[in-house]
Amino acid sequence: MSALVLDGLTKRYGSVVAVHGASLRIPHGQFVCLLGPSGCGKTTLLRMIAGLEDPSGGRLVIDDKDITEAPAHLREFGMVFQSLALFPHLTAGENIAYPLRIRGANKAEQRKRAEELLELVRLPGVADRPVSKLSGGQRQRVAIARALALKPKLFLLDEPLSALDAKLREAMQIELKQLQQRLGITTIVVTHDQREAMTMADLVVVMSQGRIHQAAPPMEVYRQPADAFVADFIGLTNLLDGEVTAPGAVAVPGGQLHLPNLPPSGRVLLSVRPEEVIVHPAGNDGPNRLTGRLSFMRDLGASVEFRIDVAGREIVAVSRPQDRPPVEPGGPLSVEFPPAACVVLPPMGERPQ
Amino acid sequence: MIRRAPRTLAEHSPILFPALMLVVFFVIPFSLMIAVSVFRRVPGGFYEPDFVFSNYERFLTTFFGGVMSFSLGLAALVAAMSVGIAFPFTYRLVRLPRVNQIRWLVFLLSILSLSEVIIGFAWSTLLSRTAGITNLFVALGLMSEPMALSPSFGALLAGLVYQAFPYTVLVLYPSLARFDPNLVEAARTLGASPLKSFLTVVVPGQRNTIVATTIMVFVFALGSYLLPQLLGKPQHWTLSVLITDQAIYQANMPFAAAMAVFLVLVSLALVGLALLAGRKEEAA
């Protein structure tokens with residue numbers, strides 16, 4: 001049984017479709033990241049789950065209960081907003097105790113819970129401080145504590161770390177993940193930062209133009225992207241257009257590769273990660289190799305990056321410094337695409353089946 | 001931008017013009033009025049310079065005390081009603097699409113362009129027996145025969161609130177337009193119903209604006225002297241009406257000036273009290 005089921009959730013603004021039939025099953029206790037470029041509909045999807053936007057179509061089910069029509073204040077989900085939305089007229093403690101106060105809890109109860117939660121987000125002793133006297137990181141923690149005050153069924157965060165500087169953001173990613181594991185709460189985070197998604201998520205949902213392209217664990221999204229968009233958006237990749245010429249053989253610019261898992265015929269797109277591409281000195285022939293010319297090379301200390309011109313297309317390869325072949329910029333070399341590293345995708349512009 | 005306090009004459013210069021205007025058009029006339037308030041009235045004539053407090057003594061009576069407290073009470077009621085109606089109205093207004101907002105604002109500005117006289121006569125006609133709204137109620141079968149609703153306290157209150165409403169909306173508008181809608185959404189996800197989130201997040205968050213606007217409408221209503229005469233009975237006449245009466249019809253300038261000075265002092269004191277109460281609550 002899944003905790004949360006999105007069934008063809010759609011949002012239209014006039015003729016603009018912000019979210020196009022999003023379907024997803026999220027098991028209990030999962031950490032989900034909605035990942036995509038800005039304007040891809042990920043925030044709209046989160047707001048529909050929170051009940052802040054009415055879906056134009058589709059259903060939302062939690063624990064077998066249809067909540068598509070339920071108003072936001074009856075859903076009992078905790079949400080952290082991008083702007084944090086802390087109430088400026090209340091102190092940190094009063095902010096956290098707000099949901100308890102409007103439910104009629106007494107002062108002592110409110111106080112006790114606020115202090116418990118501040119302890120939980122590792123920010124003890126600031127309960128009496130006005131929100132305006134807190135730093136960015138502290139406000140972040142107060143917003144998280146407030147969203148967790150009622151032990152919500154679902155914890156929603158909209159770009160929660162985007163206001164923090166890079167260093168603090170990294171630390172908060174790890175801390176947020178640990179917090180989620182400790183509480184075992186089903187969590188959905190909206191982000192445009194793939195590092196953030198890779199760090200925290202059990203399930204990465206890659207979106208673009210209102211559609212879900214792939215929903216899979218981070219490593220699967222990286223190693224087995226569902227289509228060209230995912231392959232290109234997550235990390236760096238080489239995309240090669242190819243045409244299947246014979247069973248198990250595909251013609252690409254500059255030569256032919258022999259791969260398993262090819263469709264019987266037609267056009268395909270190959271995605272190969274730079275670290276999987278092997279660079280050999282010129283003349284060193286073998287299977288699945290193309291010849292090219294080194295156009296640019298940089299030694300980054302921990303790794304060496306090559307940019308190789310193969311039949312007019314740039315191929316990026318990354319290798320360890322000790323595996324670096326003796327080549328100079330402008331010189332010829334041979335590039336190997338190991339069959340296991342080549343992901344076969346439908347050609348650009350076509351939806352995966 | 002200069003962030004430190006201005007020191008040289010040149011740095012002070014931008015404030016010279018407004019300061020000059022304030023002196024010429026406020027400080028000098030007001031000082032003259034204070035001076036006149038201690039002058040002695042010459043029966044049958046005008047007044048001559050003197051230094052007497054008899055003008056002030058005259059309204060230390062129950063009659064003037066009653067008029068004074070009625071004026072203050074009426075102004076406070078008008079302020080409370082205007083803000084009470086205009087605040088939720090403006091809150092909804094700023095969430096409307098731009099085009100609709102502009103339509104509403106144009107409509108409100110056109111009410112502002114009406115003079116107090118026109119508003120007064122319009123309302124007294126609307127509430128009259130012969131041509132008023134009660135004729136409509138009779139036609140609809142809600143009443144058996146038309147009746148006069150004006151002059152009355154209700155008519156006066158309606159007219160004053162009608163006149164103050166557009167000002168109130170325009171003063172509340174900028175502050176509410178800047179209000180972060182995420183705050184209300186956050187309250188909703190934390191379990192507050194729409195009404196509860198309005199009362200626990202929007203109203204307290206806008207407290208300073210509400211206090212400032214209430215004071216403005218209060219002072220505005222205190223100065224009204226035409227509407228009480230057009231829509232109210234003589235017992236609804238405010239101190240402003242009496243001041244006008246003394247100054248223009250009784251030609252008793254010193255007494256009118258004394259009443260005006262007293263009115264200014266009392267309203268200043270009340271505004272000060274309101275601000276003080278606001279600050280104390282904030283500190284608590």
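A:Glu159 counts as buried, because 20 C-beta neighbours lie inside 10 Å, and 20 or more is the cut-off for that class. In this predicted model, A:Glu159 sits in the loop that runs between strand E7 (154-158) and helix H5 (166-183) of chain A. Its phi is near 40°, a positive value in a residue other than glycine.

A:Asn261 also has a positive phi, of about 60°, although it is not a glycine. The loop that holds A:Asn261 lies between strand E13 (255-258) and strand E14 (266-272) of chain A. A:Asn261 is exposed, because 10 other C-beta atoms lie within 10 Å and the exposed class takes residues with 12 or fewer.

The two residues are set out below.

| Residue | Phi | C-beta atoms within 10 Å | Class |
|---|---|---|---|
| A:Glu159 | near 40° | 20 | buried |
| A:Asn261 | about 60° | 10 | exposed |

As for the chain as a whole, chain A has 353 residues, of which 40% count as buried. Its secondary structure consists of 8 helices and 20 strands. Chain A is divided into domain 1, covering 4-227, and domain 2, covering 236-345. The C-alpha centres of these two domains of chain A are 41 Å apart. Taken along the principal axes, the box filled by the C-alpha atoms of chain A is roughly 80 × 45 × 35 Å. Among contacts in chain A between residues at least 6 apart in sequence, 64% join residues at least 24 apart.

Technical notes:
Residues numbered from 1 in each chain as written. Chains lettered and ligands numbered in written order. Predicted model: local features only at pLDDT ≥ 70, side-chain atom pairs only at ≥ 80, totals over all residues. Domains from an automatic or database assignment. Helix = DSSP H or I, 4+ residues; strand = E, 2+ residues; numbered from the N terminus. Contact = placed C-beta atoms within 7 Å.
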